[in-house]
Amino acid sequence: MDNENTKRAPDKHTPTMRAAVLHGVRDIRLEDWPRPAPGPGEVLLEIASVGVCGSDVHYYVEGRIGDQVVTEPILMGHEFSARVAGLGAGVEGLETGQLVAVEPAIPCGVCEPCQHGHPNLCPDVRFCGTPPVDGVFAEYAVMPAENCFLLPEGFDLAEGAMLEPLGIAIHAVGLAHLKPGQTVAVLGAGPIGLLTAAVAQASGAGEVTVTEPLAYRRQLAMGYVADAALNPDEADVVAEVMRLTGGRGVDVAFEAAGAPETPDQAARLVRLGGQVVVIGIPVEDRMMMTASTARKKGLTIKLVRRMKHTYPRAIRMVQTGMVDVLPLVTHTFPLERIAEAFEMAAGYEDGVIKAMIQLSG
């Protein structure tokens with residue numbers, strides 16, 4: 001993940017790897033890059049599967065998301081599983097050939113948030129695929145050993161990659177302190193919204209209502225986890241949620257769309273004293289919510305910053321069947337067809353939920 005090293009052109013004596021490099025808007029190229037080598041405490045990883053995240057799609061289509069802007073060629077990709085291909089000095093507990101899921105964030109470990117147990121809030125975090133740090137749409141990568149989580153026998157490569165978005169959902173539901181029997185609305189039925197609904201259900205939610213403009217995603221939501229799926233293009237979702245809850249509103253609303261209107265909808269459809277958890281990242285880096293609504297309801301509003309300490313729980317949830325992540329993996333592409341995968345995800349084509357890039361078996 002060292003940009004200065006990986007972006008040098010390889011010489012004839014340097015082992016190389018194939019990498020998918022974003023050079024600009026809708027300009028992703030396969031190139032030969034130097035294969036990284038692990039230093040002390042690091043692991044060389046042969047990348048297995050990488051999910052195409054919504055943030056990756058924003059970089060591909062717009063060159064930015066929020067205040068993160070692509071200013072030079074970069075490797076995207078941060079949702080991944082891999083096989084251990086080499087060990088740096090001092091690494092224990094891992095062996096070559098083992099399948100691992102990988103936490104993509106490398107916090108500093110010494111700042112106040114890190115010391116207080118909130119590495120996701122570290123201002124100096126290095127996060128795979130977030131400018132200027134390279135990600136893992138490549139055959140190999142190097143990561144700290146502590147970021148690698150050994151997967152149980154029988155774990156699917158794609159399941160390992162899906163633990164990262166599942167971790168976001170686990171963190172979001174944890175922020176809400178959801179209680180058994182409470183009602184939930186999830187605005188947006190993309191991968192994060194669907195996984196949030198699944199984790200909420202696994203945590204004891206009494207009813208889960210999803211709002212989503214795309215018909216195929218509403219259909220999947222109903223078969224996957226939702227008790228109701230509403231179309232915001234055809235119905236007043238706030239009025240409909242109020243009708244479904246007898247005029248009370250839901251206990252918790254999870255905003256997972258990143259659309260201009262959804263934070264305010266979330267505030268309007270929760271009950272008095274309810275909670276709004278904002279997960280979505282708006283492209284324009286602005287979030288609007290009617291102040292009087294939030295104030296008069298006395299809402300608790302929380303915003304999700306990635307995740308923390310979720311991988312062991314995510315592994316257990318998948319291993320025990322509490323959450324099935326594979327129904328969301330709708331398409332798989334080799335690295336050579338990565339541009340096709342991005343165009344499909346950007347255009348919501350062919351019923352895509354999660355496109356996966358598979359680099360090795």
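This is a predicted model: local features need pLDDT of at least 70, side-chain atom pairs count only at pLDDT 80 or more; totals for chains, interfaces and linings use all residues.
Residues are numbered from 1 along each chain as its sequence is written, and side-chain values use heavy atoms, with hydrogens and water left out.

- Strands here are DSSP runs of type E with at least two residues, while helices are runs of H or I with at least four, both numbered from the N terminus.
- Two strands count as paired if DSSP finds at least two bridges between them.
- Within this pairing, Glu46 stands opposite Tyr140 in S11.
- Strand S11 covers residues 140–144, and five of its five residues are buried (under 20% relative accessible area; exposed is over 50%, and partly exposed lies in between, with a 1.4 Å probe and protein chains only).
- This is why S11 is described as largely enclosed by the rest of the structure.
- Tyr140, Val142 and Pro144 point one way from S11, Ala141 and Met143 point the other way, and all are buried.

**A three-stranded sheet**

- In general, the strands of a sheet pair through backbone hydrogen bonds, either parallel or antiparallel.
- An open sheet of three strands has the order S2-S1-S6, with antiparallel pairing.
- Its edge strands are S2 (27–34) and S6 (74–75), each of which pairs on one side only.
- S1 and S6 run antiparallel and are joined by two bridges; Leu22 has Ile74 in S6 as its bridge partner.
- His23 belongs to strand S1 (residues 16–24) and is partly exposed, at 28% relative accessibility.
- The C-alpha atoms of His23 and Leu75 are separated by 9.1 Å, although these residues are 52 apart along the chain.

**Patches on the surface**

- Patches are made of residues with over 30% relative accessible area and no salt bridge, joining like charges within 9 Å and nonpolar side chains (Val, Leu, Ile, Met, Phe, Trp, Tyr) within 5 Å.
- A salt bridge means a side-chain nitrogen of Lys or Arg within 4 Å of a carboxyl oxygen of Asp or Glu.
- Glu62, Asp67, Glu284 and Asp285 gather in a surface patch of negative charge.
- Glu284 sits in the loop between strand S17 (270–278) and helix H9 (291–297), and this residue is exposed, with a relative accessible area of 66%.
- Met287, Ile301 and Leu303 make a nonpolar surface patch of about 270 Å².
- Ile301, found in strand S18 (residues 300–303), is partly exposed at 34% relative accessibility.

Definitions and conventions:
Accessible areas come from the Shrake-Rupley method with a 1.4 Å probe; for residues, only the protein chains shown count as cover. Lys and Arg count as positive and Asp and Glu as negative; His and the chain ends are not counted. The place of a charge is taken as NZ of Lys, CZ of Arg, CG of Asp or CD of Glu.
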